[in-house]
Amino acid sequence: MMEKRLSRFGIGPMISGPAIVYTIAAWLVTSRWPGVFRMDWLPEAVRYAGVALIAIGLLIWFSGVVTVMAAYNRDRLVTTGVFGLVRHPVYAGWITLAFPGLALFCRSWPMLLTPFLSYAIFRCFIHREDEYLQRRFGQAYLDYCERVNEVIPIPRFQRERQ
């Protein structure tokens, strides 16, 4: 009996739904009570840094979405390109870059909690994708996991094995 394929969206809806709802609520309270929730003491340059983080996050996210959709259609494990930088670029783009960038752009401390909320949800559910990929691709996926960070989009520098 052939195993049922994981949805092409993976756990994305489980993360994005609560994260978006929380982000909107955080933005609303910051807008309603800026004296309490906005970090006006931060320099204006922080907003530019926020824009840069959002742009980089969306670029990683978009690249991950395009790549994973093509790989899903071909039933292939992708380990190069943005997937050579981070195992879960679709989630990483939002969790580590776009959400923090949005918080900095709005200078909202409640919005700074969004990446932590998103990461906590990610940790609760990512095992579903990882277990599926391990069953589907076996040792190739395990080797890939050893080489590439899960959600932090920075390269690992491996020591050579002797």
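The lining of the largest pocket divides into 27 nonpolar, 7 polar and 7 charged residues. Here Ala, Val, Leu, Ile, Met, Phe, Trp, Tyr, Cys and Pro count as nonpolar, Asp, Glu, Lys and Arg as charged, and the others, Gly among them, as polar. This is a predicted model, where local features need pLDDT of at least 70 and side-chain atom pairs pLDDT 80 or more, while totals for chains, interfaces and linings use all residues. Residues are numbered from 1 along each chain as its sequence is written, and side-chain values use heavy atoms, without hydrogens and water.

**The largest pocket**
- Lining this pocket are 41 residues, and Arg-8, Phe-9, Val-68, Val-90 and Tyr-91 lie nearest its centre.
- Helix 1 (12–32), helix 3 (45–74), helix 4 (89–106), helix 5 and helix 6 each give two or more residues to the lining; helices are DSSP runs (H or I, at least four residues), numbered from the N terminus.

**Helix 5 and helix 6**
- In helix 5, Asp-130, Leu-133, Gln-134 and Phe-137 meet Gln-139, Ala-140, Tyr-141 and Leu-142 of helix 6; contact means heavy atoms within 4.5 Å.
- By class, this contact has 5 nonpolar, 2 polar and 1 charged residues.

**Ser-118**
- You will find Ser-118 in helix 5, and it counts as buried because its relative accessibility is 0% (buried means under 20% relative accessible area, with a 1.4 Å probe and protein chains only).
- Beyond its neighbours within four places in sequence, Ser-118 is in contact with Ile-15, Ala-19, Ile-95 and Phe-99.
- Val-46 is 72 residues from Ser-118 in sequence, and their C-alpha atoms are 22 Å apart in space.

Notes: 1 Å grid on protein atoms, 1.4 Å probe; cavity = no way out; pocket = protein on both sides within 12 Å on 5 of 7 lines; lining within 4 Å. Buried < 20%, exposed > 50% of the residue type's maximum accessible area, 1.4 Å probe, protein only.
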